[in-house]
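Me: I want to know what stands behind the labels used for this protein model. Take me through them, value against cut-off.

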Amino acid sequence: MFHRIGRAVVRHPVWTIVAWLVAAVAIVATAPSLPSNSDESSFLPSSYQSIKAMDLQEKAFPSAFTPSAIVLYQRSDNAPLTAADKADITKITTALDGKHIDQVQKVVAGTESKDGKYDTAYVQMDKKSQGQPKQADAAKALRTDSKDLAKGTHLKVQVGGQAAQNLDQQDAGNTSDAVALIGSLLIIIITLLIIFRSPLIAIMPLVILMGLVFTTSNGLIAYATKLFGLQANSSISALLIVVVLGVGTDYFLFLMFRYRERLRAGDEPKEAMINSVTRVGEAIASAAGAVIISFLALALSTLGFLTQLGPALAILVAVTLIAGLTLFPAICSLIPPKALFWPGKKWHLEPSGTRFTSIGRMLGRRSGLVAIVSGLVMLLLALGTLGYKADYDLASGSIPKTKESMVVQDSMQKAYSAGAADPTSVFLTSTDGKPLNGVDFTAYKDKLSQADGVASATFDQSTGLNKDHTTALFNLTLKYSGASDKAIAAVGDVRTAAKNNAPPGTEAVVGGTSSIYRDINAAVNHDYRTVFPVAAILIMVILGLLLRSIVAPWYLIASVALGFGATLGATVLIFGRGSGLIFMLPIIMYLFVVAIGTDYNILMIARLREEAREGREPREAAAEALRHAGPTIASAGFILAATFATLMLSGNSFLTEMGFAIAFGIVVAAFVMAMFFTPSLTALIGHAAWWPGHADRAVGSDDAGVVAAGAGGGSYDAPELDETGRR
């Protein structure tokens, strides 16, 4: 199949390119717009208690005041507020309410802090637009207007809360996108220049990937988001850029290394490109298949963010794969090798001795020692996972601490109760639809206030009952910050107290930010039990089909799991000693490290099989595989790791943790697992690694039949030649 694909695109390169251009223009021109939602509650399905509480609040208390933004007042010199300051605060709050800013329904006075240095105003916005960009625009207008109104006073005015966090998250996301793009471009250009000594090869993949692949993928992602009703989130944009540049460049490298190898072996240019697609096609397709399946496994997640992220990344990798098998070879086949590799002069010459040749010989002679040392390195790093704990404050994790909303949050936690900015609500509702007559609301409130972690509980008879008196609302303030482990644990105690003390004929549900985070915690634990094993099983199926073996997939997926453990352990040791790692990181890390680690394993093991089919014994085949595939894996691993590492420059702690974790995982996958652990283990297992098939049987043996094209699909009757032209 891959031979036919290679022959078609190389013989008809212009038509291939035109087809890509037409498809890209049509998709981009007709794709729907992609709205963004930054509301944490949108992560969860309606079956969770925190979402039930939100739905109940909408029905029972549609006009209940739920602040979407908080205006924080303090003196510029941080001294206690004076009577004149308080009068100015009243004027500013009244003026903001009278401006009728879009989305803002009302602005009301808040409470003064115990130390007298702070005061607040609460802003209610349209609940139907919660988490949408227009509320971030409203927060921006509030900041501008409040600061203008404070001119001529001694007050410093800042705006925080959910809407302001969404605004700051957008700004941080734009910075992250720019940093990721510029950093990735520079790394790829410099690395490709060093490897191939060709400006054209250094620039070509970037133009293709960003000009056609990324824009086409974005259009298809928008279609999928609308078609399947997925949650859109602007924070995945930087990740998509890094993935398309990193993975796309990897596939380009796989092709160009083999193309140069075939030219050195004496193939005519067009035939060399056809052979290259034939021989790397299956490896690229299998590697991409492993990545796509891993990402699609996120569709089983209960978190809206991950169910959007998974299909988006799967579409991106699928389009990149198609480009790697069609667009890259079509364009390269139009360019004569001398022009493609210009000004390099030694592209057609095989180096007499390389570092990878020496490393390969060492691996072949001491396979056991190499397997033990490389496995031990990963195992020791994996011990760091014992210190793992999750941080559920996604806003703080994705917004720099210097942003205004984060400054407001920190200030309120110090000046007020730590949970003042994130109140918890308890809804007591009748199960039979009858009024809550005879219920002692004061006694119930007192029981709630006795739950561990509750700073105060209030109930207002005039506003705490709905119109039909079938639902009562109790407002609780926790002692801890809404996203902290203690607050999440306290919500568990509140839920227990609310349920156990509910009068007969009633039921209680607990809402609020901390309740949402507790449910996210439960959802993540569900995903660990579901997404991880499903992704692993599907990848093993791909490996089994590719290698025609039952044995190899087991130790290959075990090696990848060991690489994941090493990556998570190292990340915990570096970033996880404070509040912990962002709760989504292990899932994202698992999918990237497992999928990309499998990529490099596939490339190495496919080359090892190819060398074995030349008649080499397992240890010699492993040595030759490292000699030929080592440079490709090292180059691809370095570029991909470096592009993900650019996320560490974003100023966003979530992306910093993610950038380090995935970059480190790729380094482990490429330079420890695929280059040493996997080939040495395969050499030790020997022919049994391919049981029950005979995928490593030498050409000419009774059972070998026609040899499949090493790292490619399609069949060919002649054995593969190495760069020097020998069998």
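**Labels and their cut-offs**

Reply: Start with two helices: the axes of α9 (residues 269-296) and α20 (residues 585-612) come within 9 Å and cross at roughly 160 degrees. This is a predicted model: local features need pLDDT of at least 70, side-chain atom pairs count only at pLDDT 80 or more, and totals for chains, interfaces and linings use all residues. Residues are numbered from 1 along each chain as its sequence is written, and side-chain values use heavy atoms, with hydrogens and water left out.

Me: What makes α9 roughly antiparallel to α20?

Reply: The angle does. Axes are lines fitted to C-alpha atoms, for helices over the stretch in contact, and angles run from 0 to 180 degrees between N-to-C directions. Under 35 degrees counts as roughly parallel, over 145 as roughly antiparallel, 65 to 115 as roughly perpendicular, and the rest as oblique. The axes of α9 and α20 cross at roughly 160 degrees, so α9 is roughly antiparallel to α20.

Me: Which residues of α9 and α20 make the contact?

Reply: Contact means heavy atoms within 4.5 Å. From α9 they include R279, E282, A283 and F295. From α20 they include L591, F592, D599 and R609. By class, the contact of α9 with α20 has eleven nonpolar, three polar and five charged residues. Here Ala, Val, Leu, Ile, Met, Phe, Trp, Tyr, Cys and Pro count as nonpolar, Asp, Glu, Lys and Arg as charged, and the others, Gly among them, as polar.

Me: How do the axes of α12 and α21 cross?

Reply: The axes of α12 and helix α21 (residues 618-645) come within 8 Å and cross at roughly 145 degrees. The residues that meet include F356, I359 and L363 in α12, and A622, L626 and P631 in α21. The contact of α12 with α21 divides into eight nonpolar, four polar and four charged residues.

Me: Why is the pair of F252 and F328 called edge-to-face?

Reply: Rings of Phe, Tyr and Trp (its six-membered ring) pair if their centres lie within 6.5 Å; planes under 30 degrees apart count as stacked, over 60 as edge-to-face and the rest as tilted. The ring centres of F252 and F328 are 5.1 Å apart and their planes are at 65 degrees, so the pair is edge-to-face. F252 is in helix α8 (residues 237-264) and F328 in helix α10 (residues 304-333), 76 residues apart.

Me: Are F252 and F328 buried or exposed?

Reply: Buried means under 20% relative accessible area, exposed over 50%, and partly exposed in between (1.4 Å probe, protein chains only). F252 has 0%, so F252 is buried. F328 also has 0%, so F328 is buried.

Me: What makes the pair of F441 and F459 stacked?

Reply: The rings of F441 and F459 have their centres 4.9 Å apart and their planes at 25 degrees, so the pair is stacked. F441 is in helix α16 (residues 441-449), and F459 is in the loop between β7 (454-458) and β8 (471-478). F441 counts as buried at 8% relative accessibility. F459, at 19%, counts as buried too.

Me: How many aromatic pairs does a search of the whole structure find?

Reply: The search finds 16. There is a cluster as well: F196, F257, Y259 and F341 form one aromatic cluster.

Me: Why is K346 called exposed?

Reply: K346 has 65% relative accessibility, so K346 counts as exposed. Its place is in the loop between α11 (337-340) and α12 (355-365).

Me: What makes N78 and R548 partly exposed?

Reply: N78 is at 36% relative accessibility, so N78 counts as partly exposed. R548 is at 44%, so R548 counts as partly exposed. Their backbones deserve a look. Most residues other than glycine have a negative phi, and most peptide bonds are trans. N78 has a positive phi of about 65 degrees although it is not a glycine. Phi of R548 is near 55 degrees, also positive in a residue other than glycine.

Definitions and conventions: Helices (H or I, at least four residues) and strands (E, at least two) are DSSP runs, numbered from the N terminus.
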